[in-house]
Amino acid sequence: RAAREGREPTAPERRRLAAVAAACLLAGGCLLSGPVVGAVAASAGPVAAVALVRARRRRWPEELRHAAPGCARTMADSLGAGRSIRTAVADAANAADGAAAHELGAAARALELGAPTDAALVELRSRARSHAWDTLVAAVLLQRDAGGDLAALLRELASSAEAAAR
């Protein structure tokens with residue numbers, strides 16, 4: 001779940017991860033240097049599993065932040081083709097990979113089930129915890145009140161975010 005959803009594993013999942021890591025290290029150590037080295041390596045299994053999950057959890061927000069410009073551009077293309085913002089979110093979810101695909105997919109599913117657009121986008125923003133996503137959601141919500149060309153605004157946001165990343 002840490003790799004797919006950016007979530008902390010539950011207690012049973014942590015135990016399973018520790019057991020699998022210990023078994024793999026035991027087998028690897030036995031094959032390379034014998035049973036004593038395998039047993040010593042296996043004792044590091046739980047620590048290795050925790051370190052791996054923490055590393056993946058640290059990469060999740062960064063991956064999500066880096067995907068924001070591409071998602072904004074995809075949403076802009078969808079809006080430029082005359083589709084609604086609800087459909088644009090689903091299109092961006094289908095075009096994205098990894099963290100962005102998961103988070104946008106959750107927002108798209110909520111919208112499909114009838115959630116208000118504002119609520120789904122605010123929930124997306126709160127899960128993303130990133131300035132890039134805050135700006136993207138704010139642009140969509142403000143456009144609803146003020147009007148204007150949202151597709152052009154999203155393209156400009158994507159260009160600005162990419163320039164800032166460079």
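Modeller: Let us begin with burial, where buried means under 20% relative accessible area, exposed means over 50%, and partly exposed lies in between (1.4 Å probe, protein chains only). In helix H8, the buried residues include Leu150, Ala151, Leu154 and Ala158. These residues cover an arc of only 100° around the axis, which puts them on the same side of H8, the arc being that of the directions from the helix axis to the C-beta atoms. Before we go on, note that this is a predicted model, in which local features need pLDDT of at least 70 and side-chain atom pairs count only at pLDDT 80 or more, while totals for chains, interfaces and linings use all residues. Residues are numbered from 1 along each chain as its sequence is written, and side-chain values use heavy atoms, with hydrogens and water left out.

Colleague: What does the buried side of H8 pack against?

Modeller: Contact here means heavy atoms within 4.5 Å. By that rule the buried residues of H8 pack against helix H3 (45-80), helix H4 (85-95) and helix H7 (131-146). The helices themselves are DSSP runs (H or I, at least four residues; strands are E, at least two), numbered from the N terminus.

Colleague: Which span should helix H8 have, and how far apart are its end C-alpha atoms?

Modeller: The expected span of a helix is 1.5 Å times one less than its number of residues. For the 16 residues of H8 (residues 150-165) that gives 22 Å, and the end C-alpha atoms are 22 Å apart, which agrees.

Colleague: How many residues are in the largest nonpolar core, and which have the most contacts inside it?

Modeller: In soluble globular proteins, nonpolar side chains tend to be buried together. A nonpolar core is a set of buried Ala, Val, Leu, Ile, Met, Phe, Trp, Tyr and Cys residues joined through side-chain atoms within 4.5 Å. The largest one in this model has 32 residues, and those with the most contacts inside it are Met75, Val89, Leu104, Trp133, Val140 and Leu154. At least two residues of this core come from each of H3, H4, helix H5 (98-112), helix H6 (117-128), H7 and H8, and H3 gives the most, with eight residues.

Colleague: Is threonine 117 buried or exposed, and which side chain does it join in a polar contact?

Modeller: A polar contact is a pair of N or O atoms within 3.5 Å; within protein, one must be able to donate a hydrogen and the other to accept it, and residues adjacent in sequence count only if both atoms are side-chain atoms. Threonine 117, found in helix H6, is buried, with a relative accessible area of 10%. A polar contact of 2.8 Å joins its side chain to that of arginine 86.

Colleague: How many salt bridges does a search of the whole structure find?

Modeller: Side chains of opposite charge can pair when their charged atoms come close. A salt bridge is a side-chain nitrogen of Lys or Arg within 4 Å of a carboxyl oxygen of Asp or Glu, and the search finds eight of them. One of these joins glutamate 62 and arginine 65, whose closest N and O atoms are 2.3 Å apart. Being three residues apart in helix H3, the two are separated by about one helical turn. Glutamate 62 is partly exposed at 35% relative accessibility, and arginine 65 is partly exposed at 32%.

Colleague: Where in the chain do glutamate 103 and arginine 127 lie?

Modeller: Glutamate 103 forms a salt bridge with arginine 127, the closest N and O atoms being 2.4 Å apart. This pair links distant parts of the chain, with glutamate 103 in helix H5 and arginine 127 in helix H6, 24 residues apart. Glutamate 103 counts as buried, at 5% relative accessibility. Salt bridges that share partners join Glu103, Glu123 and Arg127 into one network.
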